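Hi,

Here is the structure I promised to pass on to you. Please open it first, and then read my notes below.

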Amino acid sequence: MSKQPMSLPTPPSKTATAEAECPWFAAAMLAMEAGEVIRLRLEKFARGEADAGEEAELMVNEKIVAALEATAKLMAGASPAAIVDLYRDYVAANARRLSA
């Protein structure tokens, strides 16, 4: 019987762990994408479009709903990356709607 050297499990890389704890790239993209939605909304408000008031109300309602959903997910054990992804989904939907 030959003896094989015992192999130790490889620990996860520090980069992978750090990305799961705080998704820097996704968070930076969220900031940039949100900036575009802000620009689109400000243009709508500045032009005085007929539905600008409705857009302002929708914006506030969406922020409340998104915050409540994020809170519930955090309390259920979601990762920070999952919360960033949630907000990116909301921002993408707004960008599509405002660009149409």
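Read along the sequence, the chain runs α-α-α-α. In other words, its secondary structure comes to four helices and zero strands. Please keep in mind that this is a predicted model.

Of its 100 residues, 18% are buried. The accessible surface is about 7,500 Å², and carbon and sulfur atoms hold 66% of that. Among contacts with a separation of 6 or more, 64% join residues 24 or more positions apart.

Next, have a look at how two of the helices meet. Helix α3 covers residues 52–75 and helix α4 covers residues 80–99; they pack at an angle of about 160°, with their axes 10 Å apart. Angles over 145 degrees count as roughly antiparallel, so α3 is roughly antiparallel to α4. The crossing of these two helices is right-handed. On the α3 side, the contact includes Leu58, Val65, Ala66 and Leu74, while α4 brings residues including Ile83, Leu86, Tyr87 and Leu98. Taken together, the residues of this contact divide into eleven nonpolar, one polar and five charged. Among the charged ones are Glu55, Glu62 and Lys73 of α3, and Arg97 of α4.

Is Glu36 buried or partly exposed? With a relative accessible area of 33%, Glu36 is partly exposed.

Enjoy exploring!

Best wishes

Notes
Residues numbered from 1 in each chain as written. Predicted model: local features only at pLDDT ≥ 70, side-chain atom pairs only at ≥ 80, totals over all residues. Heavy atoms only, no water. Buried < 20%, exposed > 50% of the residue type's maximum accessible area, 1.4 Å probe, protein only. Contact = heavy atoms within 4.5 Å. Areas by Shrake-Rupley, 256 points an atom, 1.4 Å probe, with all protein chains shown as cover. Axes fitted to C-alpha atoms, helices over the stretch in contact; angles between N-to-C directions. Parallel < 35°, antiparallel > 145°, perpendicular 65-115°, else oblique. Left-handed = near helix turned anticlockwise from the far one by under 90°.
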